[in-house]
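User: Hi! I've got a new model open and would like to talk it through with you. Could you take a look?

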Amino acid sequence: MTDNLIAPSILSADFARLGEEVDNVLAAGADIVHFDVMDNHFVPNLTIGPLVCAALRKHGVTAPIDVHLMISPVDRIIADFAEAGASYITFHPEASDHVDRTLQLIRDQGCRAGLVFNPATPLDYLEYVMDKVDLVLLMSVNPGFSGQSFISSTLEKLRQARRLIEAAGLDIRLEIDGGVKVDNIGVIRAAGADTFVAGSAIFSAGRDADPNRYDTVIAALRAELAKADS
Ligand code: DX5
Ligand code: ZN
């Protein structure tokens, strides 16, 4: 399988000093910036948009930015995020009337495209669009908030998604989002994930340990991943 990527969710960062938080978490060894976009319509919370993504790029962030759209409708905002420097753009199939078109729109804008599956959403949506997907994101909580508990049925769903990806023989990342912690990342890896979003586990726990250093928690996550791979 591919390398493991750690993607801190900035939903748990200190928004008053977001640029510094992102710099610190990347300096501590994170690979990707997970950027949660919520609209108080598709999910019951309201967060950040393309302006903030552009601000992070302007600040000097060069790592991939993984934009997780929890908004409906989706299509109109895609070009704005591409312009703002998004690397990945993922969306929930329920939020688009034309999933195939939305996936193509994202790639046409030069970004990598992903589909996101809520805990109760079956993987069926993938069947006819596998060749248009660069990333499959499984939600292991219901989207809207950080700090929720991992829903354990997602482990079986990860195994199912991994089988589909292997069978297709395509270069598709398998990402997990919600309730990922040091004590469960190993079983999540063993079930097939290769990209790990963690919000509260990194920013809240890390900040408690030391306000400006996330090295310890990221090293602990990596140690569990290494154990699962050995
Ligand atoms: C939830 C978001 C997540 C969230 C994860 O809707 O998509 O990215 O920030 O937070 P934790 O890791 O705390 O569950
Ligand atoms: Zn997310």
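This is a predicted model: local features need pLDDT of at least 70, side-chain atom pairs count only at pLDDT 80 or more; totals for chains, interfaces and linings use all residues.

User: Noted. How many positive and negative side chains are there?

Analyst: There are 19 positive and 32 negative side chains in the protein chain. The centres of those two sets lie 2 Å apart.

User: And how many helices and strands does the chain have?

Analyst: Eight helices and eight strands. The radius of gyration is 16 Å, close to the 17 Å that the globule rule gives for 230 residues, so the chain is as compact as a globular protein of that length.

User: What are the spans along the principal axes?

Analyst: The C-alpha trace spans about 45 × 40 × 30 Å. As for the inside, 54% of the 230 residues are buried.

User: Contacts next. Of those between residues at least 6 apart in sequence, what share joins residues at least 24 apart?

Analyst: That share is 64%.

User: Now to Asn4. Where is it, and is it buried or exposed?

Analyst: Asn4 sits in the segment before β1 (5-8). Its relative accessibility is 17%, under the 20% cut-off, so Asn4 counts as buried.

User: Which side chains does the Asn4 side chain make polar contacts with?

Analyst: One is the side chain of Arg189, at 2.9 Å. Another is the side chain of Asp229, also listed at 2.9 Å. Beyond four places in sequence, Asn4 touches several residues, including Asp31, Ala193, Phe196 and Leu225.

User: Nice. Which strand holds Thr195?

Analyst: Thr195 is in strand β8, residues 195-198. Thr195 is buried, with a relative accessible area of 1%.

User: What does its side chain make a polar contact with?

Analyst: The Thr195 side chain makes a polar contact with the side chain of Arg173, at 2.7 Å. Leaving aside neighbours within four places in sequence, Thr195 is also in contact with Leu5, Ile32, Leu174, Glu175 and Ile176.

User: Last topic, helix α1. Which residues there are buried?

Analyst: In α1 (residues 18-27), the buried ones are Leu18, Gly19, Glu21, Val22, Asn24 and Val25.

Technical notes
Residues are numbered from 1 along each chain as its sequence is written. Chains are lettered from A and ligands numbered from 1 in the order in which they are written. Side-chain values use heavy atoms; hydrogens and water are left out. Helices (H or I, at least four residues) and strands (E, at least two) are DSSP runs, numbered from the N terminus. The radius of gyration is taken over C-alpha atoms; the globule rule is 2.2 Å times the number of residues to the power 0.38. Buried means under 20% relative accessible area, exposed over 50%, partly exposed in between (1.4 Å probe, protein chains only). Contact means heavy atoms within 4.5 Å. Lys and Arg count as positive and Asp and Glu as negative; His and the chain ends are not counted. The place of a charge is taken as NZ of Lys, CZ of Arg, CG of Asp or CD of Glu. A polar contact is a pair of N or O atoms within 3.5 Å; within protein, one must be able to donate a hydrogen and the other to accept it, and residues adjacent in sequence count only if both atoms are side-chain atoms.
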